[in-house]
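This briefing is for a reader new to the entry. Please look through the sequence and the structure first; the notes that follow are grouped by topic.

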Amino acid sequence: MTIWGYRLPGMSSLLIWALLWEIVGRSGYSFFVPPLSDVVSTLIQVLPSPAFQKALYETGYAFLAGVFFAVVIGIPTGIFMGKNRLIDELLLPWVNIFLSAPLTALVPVLMVLFGFGMKSIIITTTLFAIWIIILNARAGVMQINRSLIDMANSFGASPWESFTKIYFWAALPEILGGVRIGIIRAVKGVIIGQLLISIVGFGALFELYSANFLMSHFWAVLIVLFAMAFTISEFLAYLERRVSYYAAKR
Amino acid sequence: MAMPQIKEAVAPAEPDIAVSTRNISKNYGDVEALKDLSLEFPRGQLTSLLGPSGCGKTTLLKIIAGLLEPTSGEVEVDGKAVTGPGEDRAFVFQDFALLPWASVLRNVAFGLELRGVAKSEREARAAKYINDVGLGGFENAFPHELSGGMRQRVGLARALSVDSQVLLMDEPFSAVDEQTRRKFQEDLLELVAVENKTFIFVTHSIEEAVYVSDQIAILLPRPSRVSEIIRPAGLRDKDVDNIRRDSEYLDIVDRIWASLRNYVE
Ligand SMILES: Nc1ncnc2c1ncn2[C@@H]1O[C@H](COP(=O)(O)OP(=O)(O)OP(=O)(O)O)[C@@H](O)[C@H]1O
Ligand SMILES: [Mg+2]
């Protein structure tokens with residue numbers, strides 16, 4: 001964006017929204033919207049507080065564990081589905097069902113099955129992320145150029161070698177795309193899980209703040225969460241661009 | 001059963017056969033691609049498979065490579081039956097089949113990598129063949145930075161670097177421009193002369209087949225058999241620059257066209 005010949009840095013439009021927020025907050029329009037400056041100063045107080053650190057640690061732990069399982073199970077499953085018709089026909093209907101299913105409704109069931117703790121949150125996170133990762137890895141494998149596989153076979157590649165040296169790399173652009181969307185969904189999963197179970201991590205923190213009407217605390221934590229999710233997504237988009245040089249030329 | 005008629009069998013002594021295919025049939029479901037095809041490939045020579053599109057040339061080449069199982073019949077390389085891909089054969093692909101995420105060096109070394117050669121050794125060997133095919137200086141380039149002709153040189157270097165006895169080439173020059181193609185044909189003749197390898201070469205082009213081959217097998221449309229084997233015997237000793245003006249060359253081109261034109265609607 002350029003104004004009066006000046007090139008503005010990316011996302012400078014956020015400044016306008018920040019200003020608007022400040023004005024609405026100062027007007028005392030609603031108790032729920034404290035001025036942005038209050039939120040920011042609360043944010044600076046809250047960040048080092050033990051309650052926040054604990055919530056961050058627990059959320060980060062559940063998030064990373066959930067994403068880890070989604071990636072480690074999802075990518076090979078997707079690749080196998082793309083390689084093998086039989087596995088594909090067995091699993092594809094389930095993957096599609098779960099991809100579009102309202103998973104939030106499953107969380108109470110998970111709580112009954114796995115208890116009210118970390119385990120349920122991790123599983124929720126994995127369930128949110130894994131389906132799109134599987135589908136994308138599968139799509140990546142299905143568009144592989146047949147002659148690359150013939151080439152590897154003609155030089156005597158073992159199944160493991162063609163998996164690690166051909167299939168994985170040829171599908172990498174799609175896999176990374178899937179992981180990026182999967183991770184965005186995992187952020188939702190981990191927060192929804194914590195809100196519903198609400199005794200750990202940010203779920204507990206939200207519960208505490210809203211019960212005590214600490215609105216600037218509430219907003220401060222929300223901003224932190226949004227910023228983290230956005231950063232992760234941008235980082236993955238950057239990785240995707242790193243492999244895009246060959247994505248179009250396979 | 002239609003035996004291949006061998007016209008012009010001018011082999012002076014019993015030729016040394018590197019690859020032989022016996023009574024190969026291949027069905028894809030209901031489609032009979034090859035039927036009872038027998039053909040022998042003399043060692044150290046270049047044999048072209050020539051025939052109309054869809055007649056099963058690629059199928060035959062992949063069966064020889066061990067990438068496809070014939071429905072019946074067998075392939076022997078050096079007297080041993082083929083059961084799968086082996087170190088005695090290397091394939092050059094029509095679409096090059098390069099790894100887009102790997103440098104020229106790694107692509108050329110990839111055959112050796114899959115055959116378990118240690119990194120330093122395979123890179124040294126790859127570097128030599130990169131120079132041989134005229135790509136010195138491009139070791140660290142990526143396939144998408146190369147022209148079609150250069151990409152096929154990479155594919156060729158990869159196949160040469162594993163030093164297999166038999167080179168299987170599926171229309172290797174069809175995706176490059178005419179000038180590059182002519183240069184490739186000359187280089188190929190030189191390669192056949194210096195390397196004592198057996199070349200099996202698929203092409204659509206009658207001129208190309210006559211220009212580069214010691215032996216041309218003409219395949220008929222599906223279900224495919226060998227209809228004729230032609231040996232442009234006199235051409236190999238002639239100067240590369242004059243072959244295309246040679247009367248024997250022109251005669252053979254005409255004769256092949258005469259026998260193929262019936263099948264081209
Ligand atoms: N995987 C497959 N499944 C079914 N039919 C196939 C398959 N591969 C090839 N065919 C059929 O077998 C026949 C021979 O195919 P092939 O690719 O060997 O022909 P070709 O001589 O190499 O043709 P071209 O000159 O166009 O490359 C064709 O009619 C094709 O339709
Ligand atoms: Mg073909």
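Which residue in β8(B) stands opposite Asp170(B)? The residue opposite Asp170(B) is Val202(B). This is a predicted model, in which local features need pLDDT of at least 70, side-chain atom pairs count only at pLDDT 80 or more, and totals for chains, interfaces and linings use all residues. Residues are numbered from 1 along each chain as its sequence is written, chains are lettered from A and ligands numbered from 1 in the order in which they are written, and side-chain values use heavy atoms, with hydrogens and water left out.

**Six-stranded sheet of chain B**

- The strand order in this open sheet is β6-β7-β8-β3-β9-β10 (chain B), and the pairing is mixed. Helices (H or I, at least four residues) and strands (E, at least two) are DSSP runs, numbered from the N terminus, and two strands pair if DSSP finds at least two bridges between them.
- β6 (89-92) and β10 (226-230) of chain B are the edges; each has a single partner strand, so one side of each is left without a neighbour in the sheet.
- From one strand to the next, the twist averages 15 degrees. Axes are lines fitted to C-alpha atoms, for helices over the stretch in contact, and angles run from 0 to 180 degrees between N-to-C directions.
- Strands β7 (residues 166-170) and β8 (residues 198-203) of chain B run parallel and are joined by five bridges.
- α1(B) lies across β3 (46-50), β6, β7, β8 and β9 (215-219) of chain B, at about 155 degrees to β7(B).

- Contact means heavy atoms within 4.5 Å.
- β1 (residues 17-28) and β4 (residues 72-77) of chain B run antiparallel, joined by five bridges. Arg22(B) stands opposite Glu74(B), and Ser20(B) has Glu76(B) as its bridge partner.
- β4(B) and β5(B) form a hairpin with two residues between them, and Asp78(B) in the turn has a positive phi of about 55 degrees. Val77(B) stands opposite Lys80(B) across this pair.

**Ligand 1**

- The residues around ligand 1 (those with a heavy atom within 4 Å) include Tyr28(B), Ala33(B), Glu171(B), His204(B) and Arg222(B).
- Helix α1 (residues 57-65) of chain B gives the most to this shell, with three residues.

**Chain A**

- Chain A has 11 helices and two strands, and its C-alpha atoms fill a box of roughly 70 × 60 × 30 Å along the principal axes.
- Helices α3 (residues 50-83) and α10 (residues 201-211) of chain A pack at about 145 degrees, with axes 7 Å apart.
- Residues in this contact include Phe52(A) and Leu56(A) of α3(A), and Phe202(A) and Leu205(A) of α10(A).
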